[in-house]
Amino acid sequence: MVLQVYLGIDVGSVSTNIAVLQRDGTVVDSLYIRTQGRPIEAVQTGLKEIKKRFGNMTVLGVGTTGSGRYLTGKVVGADSVKNEITAHALAAMHIMPEVKTVLEIGGQDSKIIIIRRGVVTDFAMNTVCAAGTGSFLDQQAARLNIPIAQFGELALTSTTPVRIAGRCAVFAESDMIHKQQTGHSTAAILHGLCQALVRNYLNNVGKGKSVLEPVVFQGGVAANQGMHRAFEDALKCSVYVPPYFNVMGAIGAALSAREEMAAKRVSDFKGFDALNATYTTRSFECSGCANVCEIIELSANDSLLGRWGDRCGKWTQSLPAVGEKACETA
């Protein structure tokens, strides 16, 4: 029997995640790989691995999300292209229908999503400081010569954290060095760092937001047990980490594709053979108005595949639409 699936692809600055869902929304497989600054190659590698694992299968629909969602949408032929807020909210509600607060921390960004009665009513993302994101934690683990996988476990061994300044990444690192020089243990410093980063998150990303239970913690940083404990200590409630916490964006993208295909007969998915094409990108500024939009242009085997980035539609109106439509020029 040929497996029928929906694919979700989340292309971020640090990782590229792929989720494979059955018709009923059950996750049958997932893939978490490093983007390493080459999103197209990461998607090609990931989908080839999925094809290798399952062999003959029918792709019913494909959804993309993340910072590379438009690019990926053109490469694979996506049926749905959604922003990260929508994708993570869909995934959280799929795993826990009654969820009211979603805490999401990825490689270089973090966000909070407020959900009431199955509808996103508010959200926020970090705008300046990267403290608490996956890349920052990776950096600090490397500086302390600790494998990132052991970061959270080591933090849990401490019961007496030291106070770390977590207002920004630079201050946090400087304060950690100072605490090391004064003789505090590495475990206590990591414990204090987790608490500082959670304070920073709640005071900045979560500022003014009503955090109610049930609370779901997702994103790659949810693997850090120290951060999980720090959130529960700060919020004074249980925080749930779902089984597929690191690929929730991809799961949401796949669920979005399933919704989109309810009104379509045939998926726009180009097939796995299309992954063998050679893709090139370039950008240019449009001088047609004061907006000076940066237009991204994608070609496959030297043939124009798509453009996006213009607010008025000047460059994309003759091409197939992909994902969300940009705001019209005022």
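Rings of Phe, Tyr and Trp, the last taken by its six-membered ring, count as a pair if their centres lie within 6.5 Å. The views below show a predicted model.

**Figure 1. An aromatic cluster links Tyr 201, Phe 217 and Phe 231.** Ring pairs join these residues, and the count of aromatic pairs in the model comes to four. One of them is formed by Tyr 201 and Phe 231, whose ring centres are 5.3 Å apart with 90° between the planes, an edge-to-face arrangement. Tyr 201 belongs to helix H7 (residues 186-204) and Phe 231 to helix H8 (residues 225-235), so this pair ties together parts that are 30 residues apart in sequence. Tyr 201 has a relative accessible area of 4% and is buried. Phe 231 is likewise buried, at 0% relative accessibility.

**Figure 2. Phe 269 and Phe 272 form an edge-to-face aromatic pair.** The centres of the two rings lie 5.3 Å apart, and the angle between the planes is 80°. Phe 269 is buried, with a relative accessible area of 17%. Phe 272 also counts as buried, its relative accessibility being 14%. The cut-off for this class is under 20% relative accessible area, so both values fall within it.

**Figure 3. A salt bridge connects Arg 53 with Asp 29.** The closest N and O atoms of the two residues are 3.0 Å apart. Arg 53 lies in helix H1 (residues 39-54), whereas Asp 29 lies in strand S3 (residues 27-34); the pair therefore ties together parts that are 24 residues apart in sequence. The two partners are placed as follows: Arg 53 is partly exposed, with a relative accessible area of 41%, while Asp 29 counts as buried at 15% relative accessibility. Side chains of opposite charge can pair when their charged atoms come close. The count of salt bridges in the model comes to twelve.

**Figure 4. Glu 297 and Arg 282 meet in a salt bridge between two strands.** The N to O distance between the side chains is 2.8 Å. Glu 297 is part of strand S12 (residues 294-300) and Arg 282 is part of strand S11 (residues 279-285), so the contact ties together parts that are 15 residues apart in sequence. Glu 297 is buried, at 9% relative accessibility, whereas Arg 282 is partly exposed, with a relative accessible area of 46%.

**Figure 5. Asp 268 and Lys 264 form a salt bridge.** The side chains meet at a distance of 2.9 Å, N to O. Asp 268 has a relative accessible area of 43% and is partly exposed. Lys 264 also counts as partly exposed, at 26% relative accessibility.

Figure 6. Helix H4 spans residues 134-143, and its buried residues are Gly 134, Phe 136, Leu 137, Gln 140 and Ala 141. Just after H4, Asn 145 adopts a positive phi of about 60°.

**Figure 7. Ala 290 lies in the loop between S11 and S12.** Ala 290 counts as exposed, at 77% relative accessibility. From Ala 290 to Leu 235 the C-alpha to C-alpha distance is 46 Å, and these residues are 55 apart in sequence.

**Figure 8. The protein chain comprises nine helices and 13 strands.** Its radius of gyration is 21 Å, close to the 20 Å that the globule rule gives for 330 residues, so the chain is as compact as a globular protein of that length. Along the principal axes, the C-alpha atoms fill a box of roughly 65 × 55 × 40 Å. Of the 330 residues, 51% count as buried. Among contacts in the protein chain with a separation of 6 or more, 62% are between residues 24 or more positions apart. The accessible surface of the chain comes to about 15,800 Å², and carbon and sulfur atoms account for 50% of this area.

Notes:
Residues are numbered from 1 along each chain as its sequence is written. This is a predicted model: local features need pLDDT of at least 70, side-chain atom pairs count only at pLDDT 80 or more; totals for chains, interfaces and linings use all residues. Side-chain values use heavy atoms; hydrogens and water are left out. Buried means under 20% relative accessible area, exposed over 50%, partly exposed in between (1.4 Å probe, protein chains only). Helices (H or I, at least four residues) and strands (E, at least two) are DSSP runs, numbered from the N terminus. Rings of Phe, Tyr and Trp (its six-membered ring) pair if their centres lie within 6.5 Å; planes under 30 degrees apart count as stacked, over 60 as edge-to-face and the rest as tilted. The radius of gyration is taken over C-alpha atoms; the globule rule is 2.2 Å times the number of residues to the power 0.38. Contact means heavy atoms within 4.5 Å. Accessible areas come from the Shrake-Rupley method with a 1.4 Å probe; for residues, only the protein chains shown count as cover. A salt bridge is a side-chain nitrogen of Lys or Arg within 4 Å of a carboxyl oxygen of Asp or Glu.
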